[in-house]
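Hi everyone, thanks for making time.

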Amino acid sequence: MITVGRLLVFLGLIILTHAAYSAIQHRTYLKLTGTQYDSLPADIFWQTIFGFIITIIGVVRVAGDFSLISSSTDPRNRSWDSFDTVFSLSLSNNYLALGLENGTVHIITPNSTPDSSISLFHSIDPCNALAFSGNSSDVLYSAHEGNVFAWDLRNPALPVFELQVSDEEINSIDVNAQDGFIAAADDFGSVSLISISNQKVTRVLENHDNICSAVRFRPSWPSQLISSGLDCQLVIRDWKTGCRNKKVFSMSDLVDHSRFAPLLNNTQQTKIEGRANVASIRIASSFSQEENRRIVLTHTLGQDLPLNPPMVHSIGCSDSGDYVIAGLGNGTVEVFNGAKNLRHTESLFGHKRSVAAILPIGDSHVLTGGDDCNLFLWELSRGGSGTQFVHSEKIGSLVGHELSRFFMADNTSTVKVIDLSRA
């Protein structure tokens, strides 16, 4: 059947090509004779229809028979080995939560077997974001499309509440348990603030001109809300006072690419120390001289091209809140440091594609995972190392509290447990 189909496709394309050539010849003849064009001759018209039908029949035969789709398929009845792609992760002291593409949320303890997991199913929309209310809390929040669900894992049969937050998809959520608020970032570019006690949206902050990709309450500074967007901006604001005390970092203005010149002239050099009000530049220490040169050339020559703008895809905050790290679409990792007033202190170069996951470990290290299938371990101290670990899939989410045990989700249905304590 496939052979016959290929012959029909070949024949149909020949007929269509001949019909197109005939139409061009006919139009040329009309121009030469000065005759007004009304329509194609009937033979060319029917030749085109016949060739089109022959081609469609051939394509259908090449594609083979259609498969039946069972209407009884229920994602709640799938086995552990056949789960959909893991979209999001969240970790507390007692539980690891997995948000799946089919809308299911699985709750496991880090040392449990698959049979001891809890499945939460209340939406067919993908679970794009998860957040526990605290490290010791039994309350979990999940985001599906424009809705936020609250779950009490002591009684997980039904959600505590369900709230429609936005008409657009929610990309990220974070919880401020101290003040009783949830922040939700959506495709409108807005950040919605949800009162947990009242179970309603109390304020909407128009932070970005494009999709808002991530949002975080800054630890130790709970009144500060940090959001990032595909408008290439990182926005820090006092969410309690509204528009006051707002600070915006534009990723396009952070790095003066002319400072790459020393690295381009000396491929053995991987660091440029910062000076007053100027951030440091650091390339991963595990790269070869040739890889260093390629990274420098890519960022130097591509700075004025609109093909890969520095959109912010992910953000992370250290436990103390002293460090805020942003992962960009061009592969750069930007580090901000300070007390109440953050400032840009360093740019880390290693990823070749967008940085989708950020995981600070204390105030000493940060793990970054990207669409280039690479995981990097960076020391946050100035002049520290940056080590590359090659993975087989795109990395989408990272959670953990220590280097000896953290969890990674990629484009597969399996969550990896990784130990980099000896790296």
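Predicted model: local features only at pLDDT ≥ 70, side-chain atom pairs only at ≥ 80, totals over all residues.

**Salt bridges, one by one**

Now to the pairs. Take Arg282 and Glu346, which form a salt bridge with their closest N and O atoms 2.9 Å apart. This pair links distant parts of the chain, with Arg282 in strand E18, residues 280-283, and Glu346 in strand E22, residues 343-349. That puts the two partners 64 residues apart. Are these two buried or exposed? Arg282 has a relative accessibility of 1%, so it counts as buried. Glu346 comes out at 4%, so that residue counts as buried too. The cut-off for buried, by the way, is under 20% relative accessible area.

Next up is Lys240, which makes a salt bridge with Asp179; here the closest N and O atoms are 3.4 Å apart. Again we have a link between distant parts of the chain, 61 residues apart, but this time look at the loops. Lys240 is in the loop between strand E15 (233-238) and strand E16 (247-250). Asp179 is in the loop between strand E9 (170-176) and strand E10 (181-186). What about accessibility? Lys240 is partly exposed, at a relative accessible area of 41%, and Asp179 is partly exposed as well, at 27%.

Last pair: which residue does Asp410 meet in a salt bridge? It's Lys416, and the N to O distance is 2.7 Å.

Strand E28 covers residues 405-410 and strand E29 covers residues 415-418, and the two pair in the antiparallel sense over four bridges. What joins E28 to E29? A hairpin does, running through four residues. Within this pairing, the residue standing opposite Lys416 in E29 is Met408. While you look at those strands, keep in mind that in a regular strand, side chains alternate between the two faces of the sheet.

That's my tour, and I'm happy to go back to any of the pairs.

Notes:
Residues numbered from 1 in each chain as written. Heavy atoms only, no water. Salt bridge = Lys/Arg side-chain N within 4 Å of Asp/Glu carboxyl O. Buried < 20%, exposed > 50% of the residue type's maximum accessible area, 1.4 Å probe, protein only. Pairing = 2+ DSSP bridges.
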